[in-house]
Amino acid sequence: MRDAQKDILDAFDKVTLIESATPIQRLQKLELRLGIKRVNLYIKRDDHMAFAGGGNKLRKLEFLLGEAIAQGCDTIVTTGGLQSNHARLTAAASARLGLDCELVLGRVVPRHDAEYENNGNVLLDQIYGAKLHVLPQGEKAAKFAANRIQLLIEEGKRPYLIPMGGSSPLGALGYAKCSDEIMQYERDNDIRFEKVLLPNGSSGTHAGLAAGFVTRGRSPTIIRSYSVLGEQEQAVQQTLKLANDALALVGSSEIAPNQIDVDGNHRGEGYGIPTAEALEAIASLAKTEGILLDPVYSAKAFAGMLHDIAAGDFVEGANLLFLFTGGGPGVYAYRSAFAF
Ligand SMILES: Cc1ncc(COP(=O)(O)O)c(C=O)c1O
């Protein structure tokens, strides 16, 4: 089953942006500091990739940019918020592949200080040589990008549009491979993870991971994500549709609605607005393990996981795997959120 699935994924056009499986580490110091005894905490370091600061979007970009190149495209256009990690990684990957890159960045977060406007991912986008279109408040990025694509075609370019967060069914397939890495780790180390926990923004990461587990004979209920963008029900529907559309690409069976577990209780006031629990999670992990979560995605999910552990949601002795999706450069845009 596993090899057959591997062959199916190999049949897609891809570029290589990730050289090897990302590490899985035990968080024993954090367990000690927080007095966690009932469960064992592990972290998968998808921030730990040898390209452009790493992060979940690189897995999606391997498939999306593979298709762009196979179609003979020369300009990549994508959308996101001003501090989008996806935009930064699209800029870096396009640079490496010799493609032009245009980023359409919307103002979706109520932050306007100098760090948010100029530092973090926005700074890196420019260093990686992308052309930025920073939209005024209220202007829709998807519409601007569609118009921009038309203009590029009229100029004789061959543009390729990547949707927000790289979360198309094809992009989601990038995470099918991650489920393989997790199951390989289980076999190599003779353990089994009861839950894989992660943030959910545009839902492609949860969806792709779910599709990967299904094709490898494992229930997608192993995954719990924490929504940082949409309302819980909207995130469930979006994740379910993307997972099933990704599964259709590899000709595999469908996931049922009750197999998608998204928790919407840790988003706080909204996307990009850090919660007190998230800032606390950043401090705890940084001070005990030297691992830097980001305030927009991973810290909210980590805080959600710590809440669920304290609430006794997991069976005694459970092995929990937090999927750290990256986003470190975002910290530099949030200096004012930290009380130093
Ligand atoms: C660091 C980080 N983690 C998690 C996510 C959420 O992933 P997805 O959009 O696939 O749900 C994103 C999306 O932008 C991200 O940048």
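**Note on helix packing and selected residues**

1. Helices α9 and α10 are oblique to each other. This is a predicted model. The axes of the two helices cross at roughly 55 degrees. The crossing of α9 and α10 is right-handed.

2. Which residues of α9 and α10 meet? From α9 come Tyr 175, Ala 176, Cys 178, Ser 179, Ile 182 and Met 183. From α10 come Thr 205, Gly 208, Leu 209, Gly 212 and Phe 213. Sorted by class, this contact of α9 with α10 holds seven nonpolar residues, four polar ones and no charged ones.

3. On the α3 side, the contact is made by Arg 59, Lys 60, Glu 62 and Phe 63. On the α9 side, Gly 174, Tyr 175, Lys 177, Cys 178 and Glu 181 take part. The classes are three nonpolar, one polar and five charged residues. Find Tyr 175 and Cys 178 in the structure: they meet α10, and they also belong to the contact with α3.

4. Helix α3 has another partner, α4. Helix α3 runs over residues 57-70 and helix α4 over residues 85-97. The two pack at an angle of about 45 degrees, and their axes are 10 Å apart. That angle makes α3 oblique to α4. The crossing of α3 past α4 is right-handed.

5. What does α3 bring to its contact with α4? Lys 57, Leu 58, Leu 61, Leu 65 and Ile 69 are the residues from α3. They meet His 86, Leu 89, Thr 90, Ala 93 and Leu 97 of α4. By class, the contact has seven nonpolar, two polar and one charged.

6. Now two loop residues with positive phi. Asp 190 sits in the loop between α9 and β7, a strand of residues 195-200. Its phi is near 55 degrees, which is positive although Asp 190 is not a glycine. Is Asp 190 buried or exposed? Asp 190 is exposed, because its relative accessible area of 72% is over the 50% cut-off.

7. Ser 203 lies in the loop between β7 and α10. Its phi is also positive, about 80 degrees, and Ser 203 is not a glycine. Ser 203 has a relative accessibility of 4%, so it counts as buried. Leaving out residues up to four places away in sequence, Ser 203 touches Ser 167, Ala 235, Gln 238, Thr 239 and Leu 242. With Gln 238 there is a side-chain to side-chain polar contact at 2.9 Å. Ser 203 and Arg 111 are 92 residues apart in sequence, and their C-alpha atoms are 24 Å apart.

8. Glu 31 is worth a look. Glu 31 lies in helix α2, residues 28-34. Is this charged residue buried or exposed? Glu 31 is buried, because a relative accessible area of 7% is under the 20% cut-off. Its side chain reaches the backbone nitrogen of Leu 41 at 2.6 Å. Not counting residues up to four places away in sequence, Glu 31 touches Arg 26, Ile 36, Val 39, Asn 40 and Leu 41.

9. Gln 71 is in the loop between α3 and β3, a strand of residues 75-81. Gln 71 counts as partly exposed, because its relative accessibility of 41% lies between the 20% and 50% limits. Setting aside neighbours within four places in sequence, Gln 71 is in contact with Arg 158 and Tyr 160. Gln 71 and Asp 13 are 58 residues apart in sequence and 9.8 Å apart in space, C-alpha to C-alpha.

10. Last, Gln 234. Gln 234 is in helix α11, residues 232-249. At 47% relative accessibility, Gln 234 is partly exposed. How far apart are Gln 234 and Gly 212 in space? Their C-alpha atoms are 22 Å apart, and the two residues are 22 places apart in sequence.

Terms used: Residues numbered from 1 in each chain as written. Predicted model: local features only at pLDDT ≥ 70, side-chain atom pairs only at ≥ 80, totals over all residues. Heavy atoms only, no water. Helix = DSSP H or I, 4+ residues; strand = E, 2+ residues; numbered from the N terminus. Buried < 20%, exposed > 50% of the residue type's maximum accessible area, 1.4 Å probe, protein only. Polar contact = N/O pair within 3.5 Å; in protein donor to acceptor, adjacent residues only side chain to side chain. Contact = heavy atoms within 4.5 Å. Axes fitted to C-alpha atoms, helices over the stretch in contact; angles between N-to-C directions. Parallel < 35°, antiparallel > 145°, perpendicular 65-115°, else oblique. Left-handed = near helix turned anticlockwise from the far one by under 90°. Nonpolar A, V, L, I, M, F, W, Y, C, P; charged D, E, K, R; others polar.
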